[in-house]
Amino acid sequence: YVFTKGERHPQPVELTNVESIPNDTVVRVLRQMLADEAHPVFSRNSLFEDELLWIARQYASHGIRYTEITDTALSRKEEAIIRLAQIHRVMPAVTEETGVLIRFLAGIRRIPLTIVRDRITPNDYLISNLHVIRAIADDPYVAGADIIGEEINDILELRQVIHQLVSITLTVPDFVIRIHAGENDSLRNNVSNSLKCVRDALLPGQPMPQLRIGHGLYTCNLRSAKGERLLRELRESRTVLEFQITSNVRLNNLSRLDQHPLKQYLHAGILCVQGTDGGAMYGTDSIDEELALEKLLDLQYDDLYLMRQADRECLNRGLSAFQRKNALFAVQKITEKNITDRLSKKLEQAQAPAQVLWADDTRVCTDHVLSAQLCSLPDSAYPVIVAGGSFNNSNHHTRLRDDGRHIIDLLLRAGDPSKIIFVIGHRLTGYEGYLVKMNQGRFRIHCIVPTMLSQAEAARLRRSGVTASLSIESSGMGLYKSFAYEIFKRRPSTLLVFDGNSAAVNLIQEAKNGRFMCHILLDHHSRILMNKAKSLQGYVQVMNAASVSDVLTEFSSVRELDHSGSHSREFSESSEIL
């Protein structure tokens, strides 16, 4: 989960006796590195410039001649100036050697990562991003902007950001707007709302900008009247949908191949292309991705040909934009030597947008409204996580069933309050709300809560009297990561999942991947949960009175939990280890 930027070591290793290394790949790479040391341009490469060079070489080996990479550094003032200067210095030589042109999309995080640590508001963050993007938009190596990050908030929260990006296309008509939407099933209207935000931002007579949707995996039912309208709007606007099947599977966003919509889009005349979503992270490349799409989704020659046509259209657009912008820079005599001064002046002269860009201004800071209830999760108790209400998408409400209530009643009646602590999400609805209601103070109940809450959520938590610990996530959809950090990576536990959408599926996956053993029990009434159970066969169990009783038997034999999170247990002979 940790990504870091490299720094040059003050005492670099001397490359001697290269030929004696017993690895042909390492020898080949080191030979090339030594040759680069004698190159008039590459010998002065920074780490970032070296990265571009080697990325281009890898792409060239696969026959790729054009690519676009998203980089959040290009939306931050100081980094953008340095970044573009490096790109202009090294890319002409990279393209000359490899034949590969790399262009960039300035990344805008849909959930600002600095909101808690530095007390930077989302509005401050977004204003700063757009100020920089507007200044660099006419650069030949800048293809456009990309709204990225885990899809845990409604894209409508960023409608004003999208309006600002659309306004850039008035002066830079080939500026690409890419939005990551429809990646998971939590917010099925994000694809249609992304398109709506762009269309609503257009001035009278303004043409539709180049819009690309990253993923588009989940939407409304495409066979419904609403779905047919979405298909028509996507087709008429020439919106491009990008598919990355490896990423979808690795991030727990796709468990059933028969529900993949790619063929529906292609047959409806929608422009569809493939991508890698960061091939290095997933150990894949474009060839692997094409084979996966073809074999797993049963794509025929005609399907692949349609994707190739869409790919060629994107390629031609990108190359044409680069050539036009590059010619304009040549006329203005802008080179690598004066690019830094030019950009610095543009940033000083450009006026940042003053209006409110972050639409969701109704939520409150959790640490302010729940200060009296915030504390750490006790180390001395065995956590039983109950998920059934806090891990749903925006349109899904948990319906209580009699057998589910019976399991909660069984836990409260037969469990040992001195050994068990219940841990739930922040909404206090569904089975989690039922647990709090029926507990009547007998067991300790602890919530993990996001940094921002709605007024209603905050009021329910205050009335409940439960203790709470603060996540670093600002949205409830991302809470599964805090459960993983606070519990699954630190201590043994039990997870009872009654209901939920993609956030619940991610919670299950984190429990399975955890450092310590977690008993995972799932409600068989939920189709989504059962699909996940099939993919994790052997790691999960169907939840019923018998399986819960077995777990309670194990609870009764828990002897000790130390403060480091390690544990020692003695199981009774009759206890079944799930």
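Across the protein chain the average pLDDT is 87, and 91% of the residues score at least 70. Residues 114–118, however, have a pLDDT below 50, and this stretch has 7 contacts in the model beyond near neighbours in sequence. Another such stretch covers residues 558–578, where pLDDT stays under 50 and the model has 47 contacts beyond four places in sequence. Where pLDDT is low, the predicted coordinates should not be read in detail.

Charged side chains come next. Searching the whole structure gives 22 salt bridges. One of them joins the side chains of Glu19 and Arg31, with an N to O distance of 2.7 Å. Glu19 sits in the segment before H1 while Arg31 belongs to helix H1, so this pair ties together parts that are 12 residues apart in sequence. How accessible is Glu19? Its relative accessibility is 53%, so Glu19 counts as exposed. Arg31, at 46% relative accessibility, counts as partly exposed.

A salt bridge is also found between the side chains of Arg83 and Asp71, again with a listed N to O distance of 2.7 Å. Here Arg83 lies in helix H3 (residues 77–98) and Asp71 in strand S1 (residues 66–71), and the pair links distant parts of the chain, 12 residues apart. Are these two residues buried or exposed? Both Arg83 and Asp71 are buried. Lys295 and Glu294 form a further salt bridge, in which the closest N and O atoms are 3.9 Å apart. Lys295 is exposed, because its relative accessible area is 60% and the cut-off for exposed is over 50%.

One member, Arg212, lies in strand S5 (residues 210–215). What does Arg212 touch, leaving aside its neighbours within four places in sequence? Its contacts are Glu68, Leu105, Val176, Ile177, Arg178, Ile179, Val240, Glu242 and Cys314.

In one, the ring centres of Phe391 and Phe483 are 5.7 Å apart; the planes stand at 70°, so the pair is edge-to-face. Phe391 comes from the loop between strand S9 (382–387) and helix H15 (402–414), and Phe483 from helix H18 (residues 479–488), so the pair ties together parts that are 92 residues apart in sequence. Phe391 counts as buried, with 0% relative accessibility, and Phe483 is likewise buried at 0%.

A second example shows another geometry. The rings of Tyr431 and Phe498 have centres 4.3 Å apart and planes at 20°, so this pair is stacked. Tyr431 lies in helix H16 (residues 430–439), whereas Phe498 lies in the loop between strand S14 (493–497) and helix H19 (502–513); the pair therefore ties together parts that are 67 residues apart in sequence. Tyr431 is buried, with a relative accessible area of 1%. Phe498 counts as buried too, at 3% relative accessibility.

Which residues of H20 (residues 527–535) are buried? They are Leu529, Met530, Asn531, Lys532 and Ala533. The cover over these buried residues includes S14, H19, strand S15 (518–522) and strand S16 (540–542). S14 and H19 are also the elements on either side of the loop that holds Phe498.

Finally, the surface has a nonpolar patch of about 230 Å², made by Leu15, Met33 and Leu34. Leu15 lies in the segment before helix H1 (24–36), the segment that also holds Glu19. With a relative accessible area of 34%, Leu15 is partly exposed.

Definitions and conventions: Residues are numbered from 1 along each chain as its sequence is written. This is a predicted model: local features need pLDDT of at least 70, side-chain atom pairs count only at pLDDT 80 or more; totals for chains, interfaces and linings use all residues. Side-chain values use heavy atoms; hydrogens and water are left out. Patches are made of residues with over 30% relative accessible area and no salt bridge: like charges are joined within 9 Å, nonpolar side chains (Val, Leu, Ile, Met, Phe, Trp, Tyr) within 5 Å. Accessible areas come from the Shrake-Rupley method with a 1.4 Å probe; for residues, only the protein chains shown count as cover. A salt bridge is a side-chain nitrogen of Lys or Arg within 4 Å of a carboxyl oxygen of Asp or Glu. Helices (H or I, at least four residues) and strands (E, at least two) are DSSP runs, numbered from the N terminus. Buried means under 20% relative accessible area, exposed over 50%, partly exposed in between (1.4 Å probe, protein chains only). pLDDT is the predictor's confidence in each residue, from 0 to 100. Contact means heavy atoms within 4.5 Å. Rings of Phe, Tyr and Trp (its six-membered ring) pair if their centres lie within 6.5 Å; planes under 30 degrees apart count as stacked, over 60 as edge-to-face and the rest as tilted.
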